[in-house]
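Good morning, and thank you for making time for this presentation. Please keep the sequence and the model in view while I go through selected residues, the contact between the chains and the charged pairs.

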Amino acid sequence: MSNTSSDTTGDESLITTEVETGSTQRTPARTAVAARDLNVYYGDEQAIDDVTIEIPEKRVTALIGPSGCGKSTFLRCINRMNDMIEVCRVEGDVEFGGKNVYDDDVDPVALRRKIGMVFQKPNPFPKSIRDNVAYGLKIQGYDGDVDERVEESLKAAALYEEVKDQLDSSGLDLSGGQQQRLCIARAIAPDPEVVLMDEPTSALDPVAASKIEDLIDDLAEQYTVIIVTHNMQQAARISDRTAVFLTGGRLVEYDDTPKIFEDPEEQRVEDYITGKFG
Amino acid sequence: MATDNANAGGFGEVSRVRGIVFEYLSFGASVFGLVALGVLLVYVSIDAFDLANASPEWLLTYFLTLVVPFLAFCLYSANDSEVTRRALAALGGGLVAVAALFTAIEAVVAPIPRLNWQLAYLFVVAAPVAAYLAYVGSRGRVAAVGFGLLGRLVGGAAIGLAVGTLFLVFDELVWFLAYTFGVVPAAALYAYGRWRAADRAATAAIPVGLVGLVTAVFLRRVVTVYPSDLVIYLWTIAIPVAAVGAFLVVDRSGRTVGIVVAGLPLTVATAGGFLAAGAGLSAPTVLLVLVLAGVPTAVYVSRVIEVGDGIVGLGLPILLAAGVAAGALIVEAWGVPAPDPWLDLGYVTEAPSRTPEEAGLYPAIVGSVIIIALVAVLSFVLGVGTSVFLEEYTPESGVLGSLTRLLQINIANLAAIPSVVYGLLGLGLFANLLGFGFGTAVTVALTLSLLILPITIISAQEAIRSVPDDLRRGSDAMGATRWQTTKNVVLPEAMPGIFTGTILALGRAIGETAPLIMVGAATTVFSAPSSLFSRFSAMPMQIYAWANFPQADFRYGVVAAGVITLLVILIGMNGTAILLRNRAERGN
């Protein structure tokens with residue numbers, strides 16, 4: 001089980017197009033996660049229809065689209081959280097670290113230790129702030145200095161200054177925005193390669209949301225961030241690449257973010273982005 | 001505000017008659033119930049303490065020394081919940097501690113039972129092997145099962161042999177030697193290893209301990225001169241207990257407090273032991289009582305002082321004890337004729353008798369306490385295990401899902417089966433088939449555990465189900481296994497609810513009589529049970545038996561005293577459990 005994720009991004013194909021964002025000096029990115037001919041069904045209903053996509057390493061990739069278009073389902077395919085849903089059936093490949101995560105010899109638990117996840121609603125455990133952040137380290141049997149790692153993660157999640165005096169108080173005592181940043185700290189504490197975010201700001205007020213957005217920008221220095229969002233401006237602001245899913249679970253267009261928002265190829269995408277539909 | 005509807009004339013009253021009627025009916029019913037219960041308790045207390053024959057002067061004295069201070073304390077603490085909480089904890093904890101202490105002494109003083117080979121095998125070999133099989137089997141590594149199984153069979157048999165041998169050669173002198181040459185060096189090595197971060201020392205602790213144990217067994221045949229019992233108990237039990245107490249305190253409060261907490265009870269106990277020896281009492285017993293009661297009390301008091309809230313509450317037991325003592329002194333000095341209460345010290349410390357004046361409940365109290373302790377552990381472990389399995393591990397659909405639902409319906413039905421039927425089951429299964437004996441503590445505890453198991457399972461399931469799925473998904477997404485999620489997230493969150501259900505169920509178990517009769521528990525035994533397999537009685541059984549005696553003194557006085565004792569012990573146990581639950585809640 002450990003062999004699946006031990007060899008990290010090795011010999012994957014490079015993405016050919018230079019990522020054109022504010023930081024154009026970045027070198028072409030390797031592929032972190034790729035899906036090939038991915039189909040997902042909930043019982044008889046098809047949630048994802050033949051999606052093929054390559055998501056670059058250490059970039060922010062946004063998944064946007066109307067409700068029920070399968071973007072969250074796609075996100076959950078990457079760390080196999082769909083396994084928890086009994087009626088869910090997955091066909092096709094999802095590659096992470098050069099390995100199809102749906103192969104028989106992949107232990108989903110080991111896989112999830114390499115992929116952090118942040119949910120729509122902040123869900124800190126009813127434990128102290130310290131124990132929340134240290135949770136991943138504890139269950140993975142981390143034998144280094146836990147307190148140091150907790151501090152680093154809280155700093156990386158831009159929360160340390162606010163909570164450094166109350167690490168032993170409950171994580172539930174924090175405000176909603178702080179809780180979400182605590183969840184981000186918890187997700188990155190075991191040093192994953194990819195961080196998945198499922199509408200991380202939709203339950204937060206604008207100020208808290210903008211803090212998280214700034215944070216996501218910083219996270220992309222170290223981690224591959226894949227974020228599902230309903231907020232078009234947010235996708236435009238923070239992401240390097242954007243994938244647009246439309247009804248029926250089809251990936252309609254996937255390109256650099258400025259291209260998607262300024263000059264999309266597909267009429268349907270333009271309609272969706274300008275609010276004519278969806 | 002312009003409204004166009006028919007009531008435009010204003011905002012007239014909306015009828016609330018049904019709600020008001022319901023509210024007052026419920027309130028009336030609650031008050032009636034409380035008053036009826038209170039009246040019953042007053043009557044029972046009057047009988048139990050023989051207050052009907054008390055002279056006015058006697059009543060007045062005790063009213064002034066006991067009731068007035070108590071009421072004053074209630075008034076004082078009414079607005080400070082922290083003081084009330086501390087007072088209840090001190091009172092309830094004290095009662096439970098005293099009961100546990102009596103049981104422990106009974107167990108230490110009575111000859112230790114020889115370990116049953118079948119049981120030793122079950123606990124040391126069969127259970128670990130089965131658990132290991134289940135664990136490894138779930139991971140699907142068939143090859144590992146074979147090797148692991150072999151290793152554990154051999155290793156388990158070795159440990160079983162070792163434990164069995166220990167019990168066969170068991171006497172306090174062997175323990176003394178084993179403790180001196182095995183346990184102390186091993187513990188010291190381990191502590192040194194942890195302190196200086198020297199792994200080798202910590203690793204060496206177990207071999208050193210084993211060598212010490214073997215040495216002790218051989219030395220026992222050679223050495224003929226031993227210190228007195230008092231010194232042995234001081235060295236092997238009192239000092240370690242004090243050390244543990246100091247260890248618990250040192251971290252938080254510093255070294256001085258630690259020394260006081262350990263040293264004060266130890267000094268008092270040692271002095272008490274020597275004095276008792278001089279006075280012809282059993283010195284080791286006095287020593288053990290003082291140490292086992294003193295050290296936890298000292299630890300608790302130091303904790304409360306540390307926190308600083310509600311220290312006054314600790315005074316309540318002292319206040320009550322002082323009230324009783326002062327009342328007795330005044331009555332004595334005044335020469336007032338005192339009533340002869342049925343519920344006195346002799347009643348709770350002596351065996352039943354044919355004459356009502358000498359009748360005691362002690363063996364039944366010990367029996368009940370042992371049973372409830374066993375039932376609490378058994379039903380908690382089995383109940384939580386079953387409910388975790390049903391809620392977290394079984395699939396919701398498919399053939400297995402249907403099986404699970406069938407199981408759930410059956411468990412729900414089992415909760416409604418009369419206790420007599422469980423008695424029959426216990427008689428057939430535990431007493432006859434498994435040979436645990438008729439009316440032994442093991443048989444009764446297992447039967448009562450079965451009886452309340454459905455209730456504990458259902459309430460634990462309810463508590464586990466109420467843990468939000470968000471938390472489970474959050475833990476799963478961190479790469480936690482199902483077991484890690486259950487242990488670290490689900491169970492801590494569900495624990496208060498599980499405790500509540502278990503407390504309610506235990507309340508039922510302590511009062512049960514019918515299944516006890518069915519499995520052949522004795523109505524009356526004349527000595528406290530000395531092992532889990534000796535015959536014993538429980539409080540409800542004994543009270544029931546007395547209620548059928550021809551003498552009126554039994555039917556009124558002795559039974560009333562029994563009811564009060566049962567209630568006090570029940571309240572003490574429930575109070576402890578509730579304190580535990582509140583702790584778990586605060587822990588979150």
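B:Thr404 counts as buried because its relative accessibility is 9%, where buried means under 20% relative accessible area, exposed means over 50%, and partly exposed lies in between (1.4 Å probe, protein chains only). This is a predicted model, in which local features need pLDDT of at least 70 and side-chain atom pairs count only at pLDDT 80 or more, while totals for chains, interfaces and linings use all residues. Residues are numbered from 1 along each chain as its sequence is written, chains are lettered from A and ligands numbered from 1 in the order in which they are written, and side-chain values use heavy atoms, with hydrogens and water left out.

B:Thr404 is part of helix H14 of chain B, residues 398-414; helices (H or I, at least four residues) and strands (E, at least two) are DSSP runs, numbered from the N terminus. The side chain of B:Thr404 reaches the backbone oxygen of B:Leu400 at 2.7 Å. Leaving aside neighbours within four places in sequence, B:Thr404 is in contact with B:Leu390, B:Thr394 and B:Pro395, contact being heavy atoms within 4.5 Å.

Where is B:Thr440 found? B:Thr440 sits in the loop between helix H15 (419-433) and helix H16 (441-465) of chain B. With 4% relative accessibility, B:Thr440 also counts as buried. Not counting residues up to four places away in sequence, B:Thr440 touches B:Leu532, B:Phe533, B:Ser534 and B:Phe536. B:Leu516 is 76 residues from B:Thr440 in sequence, and their C-alpha atoms are 9.8 Å apart in space.

I turn now to the interface. The size of an interface is often given as the accessible area lost when the parts come together. Between chain B and chain A, the buried area is about 1,900 Å², and carbon and sulfur atoms give 57% of it; this is the accessible area (1.4 Å probe) that two parts lose on being put together, summed over both. In chain B, the residues that lose the most area to chain A are B:Ala477, B:Met478 and B:Asn488, together 34% of what that side buries. In terms of contacts, 20 residues of chain B meet 25 residues of chain A.

How many salt bridges are there between chain B and chain A? The count is one, a salt bridge being a side-chain nitrogen of Lys or Arg within 4 Å of a carboxyl oxygen of Asp or Glu. The partners are A:Lys121 and B:Asp470, with their closest N and O atoms 3.2 Å apart. On the chain B side, helix H17 (469-477) and helix H18 (482-511) each supply at least two residues that touch chain A. H17(B) gives the most to that side, with seven residues.

Next, the charged pairs within the chains. Side chains of opposite charge can pair when their charged atoms come close. Over all chains, the count comes to 25 salt bridges. In one of them, the side chains of A:Arg130 and A:Asp147 meet at 3.3 Å, N to O. A:Arg130 lies in helix H4 (residues 129-139) of chain A and A:Asp147 in helix H5 (residues 146-156) of chain A, so the pair ties together parts that are 17 residues apart in sequence. A:Arg130 is partly exposed at 23% relative accessibility, and A:Asp147 is partly exposed at 43%.

Another salt bridge joins A:Arg241 and A:Asp256, at 2.6 Å from N to O. Here strand E9 (residues 241-246) of chain A holds A:Arg241 and strand E10 (residues 250-256) of chain A holds A:Asp256, so this pair ties together parts that are 15 residues apart in sequence. Are these two side chains' residues buried or exposed? A:Arg241 is buried at 7% relative accessibility, and A:Asp256 is buried at 6%.

In chain B, the side chains of B:Glu512 and B:Arg508 form a salt bridge at 3.3 Å, N to O. B:Glu512 is buried, with a relative accessible area of 11%, whereas B:Arg508 is partly exposed at 30%. Finally, a network of salt bridges links B:Glu392, B:Asp469, B:Arg472, B:Arg473 and B:Asp476.

Methods. A polar contact is a pair of N or O atoms within 3.5 Å; within protein, one must be able to donate a hydrogen and the other to accept it, and residues adjacent in sequence count only if both atoms are side-chain atoms.
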